[in-house]
Amino acid sequence: MSELLQFLIAGVKNGAIYALVALGFTVVFASTGAINFAQGEFFMLGGVLGVFFLRLGLPLPAAVLAAVLATAIIGGAFEALAIRPLSAGDPLKIIIVTIGGSVALRQFALHIFGPNEMIIAPFSSGPPIRFAGAAVERQTLWIWGLTLVTVACLAIVYQKTMLGKAMQATSLSHDGARLMGIDTKKMVTVAFVLSAALGAVAGLAVTPLTQTAFDVGAGIGVKGFTAAILGGLGNPLATVCGGIVLGLLESLAAGYFDPLYKDAVALVVLLGVLFVRPSGLAGLMRRGRG
Amino acid sequence: MADMGGKPRLPWVSWLIAAAVACIPLVITDRFLIKVLTFVGLNVLVAIGLALLFGYTGQVSMGHAAFVGIGAYTCAFLTVRIGTPWIVGFAAAGVIAAAGGLLLALPSLRLKGHYLAMATLGFGEIMSLIFVEAESVTGGVDGFARIPPPSVAGFEFKEPATLYWLVWAVAGVALLLAYNITRFRPGRAMLSLHGGEIGAVASGVDVVGTKIKAFVISAALAGLSGALYSGVVGFVSPSVFVLSSSVMYLAMAVIGGAGSLAGPVAATALFTLLEYLNALIPSMPAPIAENLGLYQTDIYGIAIILVVIFAPRGLTGLWQRRRSASSAKGGSLAERRQGSSTQADTPARPEGLEEGEGT
């Protein structure tokens with residue numbers, strides 16, 4: 001029983017990270033109709049830049065903030081330099097450019113920060129917290145907390161602010177939004193800034209547990225995308241659920257079968273969802289309601 | 001591209017190029033250089049498949065290195081461990097890679113949108129894990145060593161020159177097949193997808209079937225290239241079939257340009273030779289050669305972005321623009337051509353000339 005609880009805790013912990021990366025995918029997908037292959041690199045940059053700012057001597061909160069801001073700026077700059085010059089409405093071109101961008105970002109990180117793994121000390125020190133026979137690392141609580149706060153902020157921005165409403169309008173129809181006086185090009189930039197920040201938060205929060213390096217982006221990109229597909233690539237709530245479900249499936253497969261299978265789970269889920277229910281969990285919910 | 005299906009036969013220039021490619025080992029005696037040119041042939045084989053998949057059908061694969069790996073390990077395992085004749089291992093490499101491609105393509109390509117790209121990325125990551133972990137088949141981290149050279153009906157392809165001929169013969173046959181595909185109905189169906197699926201559907205094109213066909217063909221060619229690779233090198237290491245190799249293959253297809261076989265083939269030759277520039281220019285200072293290796297992947301990444309933004313039709317587009325300008329001044333492509341060996345630029349000519357005749 002406590003073993004199962006331990007697997008569930010690990011699953012929800014990884015799931016929260018996947019959820020943040022998946023939200024980054026859905027935000028960009030909503031505004032461009034394309035998959036952003038550089039999403040995993042934003043995750044990598046968050047962790048690597050966090051280590052960089054800590055080594056500069058910044059206190060932890062300042063380093064975290066600086067890393068998220070710097071990644072967000074890089075995301076915006078990438079959009080302005082590489083995505084905006086493309087003629088709008090061709091997802092294939094956007095995908096190719098983000099593939100090139102992900103390679104470039106990964107290589108820049110390699111040249112600047114080196115090939116070695118890097119780690120951050122846990123955000124708060126202390127022994128794991130015991131709970132019903134299972135142990136919860138303090139960093140896991142930080143991951144859950146940061147994910148909750150980030151998702152709440154994103155929801156508030158989307159629901160309550162003019163910017164969020166403009167972004168929603170853009171995702172429904174570029175032409176329609178432009179007729180309403182919305183600067184849709186700016187909304188695409190905002191989407192990249194937001195998704196970079198989301199990736200950076202995830203990368204920072206998980207680095208104390210998993211370490212980071214220049215090449216962690218591709219793997220997490222696949223997982224985050226799988227979570228996003230599982231959630232239907234739209235509804236943010238379904239996206240978060242997709243992340244948690246994927247995390248749980250992975251941790252149960254690794255716990256009860258073989259840790260080797262952990263990474264295969266995402267691909268199986270990805271192909272399975274595409275084969276069986278391309279609309280993901282959101283489609284399932286809609287069907288349940290209808 | 002309008003004359004894609006109009007020409008009844010290959011232009012005579014391509015036969016000339018084929019003859020030139022075949023004669024190279026008679027002229028060049030440097031064994032390393034021959035080996036490098038053999039690697040060009042191996043990459044060209046992959047590039048032909050990707051030209052069909054990306055350039056004609058508009059589908060992105062981020063995992064073709066995995067198919068090359070499947071081919072390499074299949075052929076090595078069958079010939080060394082099971083003891084089958086090499087030709088059986090070679091054929092099985094193509095078939096198994098194609099089967100893997102089919103399994104991946106069936107779910108990913110039923111839907112609109114570019115899910116295949118992410119599925120292939122995940123597939124590539126998983127396969128590179130499997131290549132390391134399935135030690136009993138692949139030899140694990142240490143790799144698969146002591147693979148005998150290819151042999152057909154008792155003849156062993158041991159010498160660099162004979163290996164070169166074998167690889168380029170396979171590449172030539174593949175190029176001929178691909179050329180025939182592109183000239184007729186299947187090729188036009190593929191090209192119609194690159195322009196836009198709605199138009200293709202309206203024209204009665206079987207969108208899903210065409211995409212799957214292109215993907216399976218490209219996976220098979222990658223598998224065959226891997227099988228040849230294992231025989232040429234005699235050793236297979238899992239560190240070769242990784243994401244950066246897949247990105248390199250994709251970069252060749254993107255930079256080569258859509259709707260053309262010659263463009264990707266030329267881009268492949270250019271990029272492969274760039275990797276081994278020190279073989280072409282023996283006097284090159286070591287620091288430059290080292291840095292070139294270090295920044296190779298950067299070059300692919302940035303080149304992809306620049307090509308999509310500034311030259312969306314790749315080398316093919318640049319070449320055609322230069323032809324239609326018809327001035328002797330030439331563009332950047334002409335300069336680049338002069339800088340590389342005959343090997344690099346010759347494959348681009350047939351289509352360029354065709355275009356010239358057409359206009």
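A residue is called buried if 20 or more other C-beta atoms lie within 10 Å of its own, exposed if 12 or fewer do, and partly exposed in between, with C-beta atoms placed from the backbone. A:Ala132 is exposed, because 9 other C-beta atoms lie within 10 Å.

## Basis of the model

This is a predicted model, in which local features need pLDDT of at least 70 and side-chain atom pairs count only at pLDDT 80 or more, while totals for chains, interfaces and linings use all residues. Residues are numbered from 1 along each chain as its sequence is written, and chains are lettered from A and ligands numbered from 1 in the order in which they are written.

## Loop residues with positive phi

A:Ala132 has a positive phi of about 50 degrees although it is not a glycine. The residue sits in the loop between strand S1 (129-131) and strand S2 (134-136) of chain A. Helices (H or I, at least four residues) and strands (E, at least two) are DSSP runs, numbered from the N terminus.

In chain B, Arg146 is likewise a residue other than glycine with a positive phi, near 55 degrees. B:Arg146 belongs to the loop between helix H6 (135-138) and strand S1 (151-152) of chain B, and it counts as exposed, with 8 C-beta neighbours inside 10 Å.

The expected span of a helix is 1.5 Å times one less than its number of residues. Because 23 of its 27 residues are buried, H8(A) is largely enclosed by the rest of the structure. A:Gln211, which follows H8(A), has a positive phi near 65 degrees.

H9(A) has 14 residues and reaches 20 Å from its first C-alpha to its last, close to the 20 Å expected. Of these 14 residues, 13 are buried, so H9(A) is also largely enclosed by the rest of the structure. Just after H9(A), A:Gly232 adopts a positive phi of about 90 degrees.

## Packing of H1 against H5 in chain A

Helix H1 (residues 2-32) and helix H5 (residues 138-160) of chain A pack at an angle of about 35 degrees, with their axes 10 Å apart. Axes here are lines fitted to C-alpha atoms, for helices over the stretch in contact, and angles run from 0 to 180 degrees between N-to-C directions.

Residues are in contact if their C-beta atoms, placed from the backbone, lie within 7 Å. Among the residues that make the H1(A)-H5(A) contact are A:Ala16 and A:Leu20 of H1(A) and A:Trp144 and A:Leu154 of H5(A).

## The contact between the chains

Chain A contributes 30 residues to the contact and chain B contributes 31. On the chain A side, helix H4 (91-113), helix H9 (217-230) and helix H11 (262-276) each supply at least two residues. H4(A) gives the most, with 12 residues.

## Nonpolar core and chain B

A nonpolar core is a set of buried Ala, Val, Leu, Ile, Met, Phe, Trp, Tyr and Cys residues joined through C-beta atoms within 7 Å. The largest has 201 residues, and those with the most contacts inside it are B:Ile48 and B:Leu250. H8(A) provides the largest share of this core, 16 residues. Leaving aside neighbours within four places in sequence, the contacts of B:Ile48 include B:Ala174, B:Leu221 and B:Val265.

Chain B contains 19 helices and 2 strands, and buried residues make up 52% of its 359 residues.

Conventions:
Contact = placed C-beta atoms within 7 Å.
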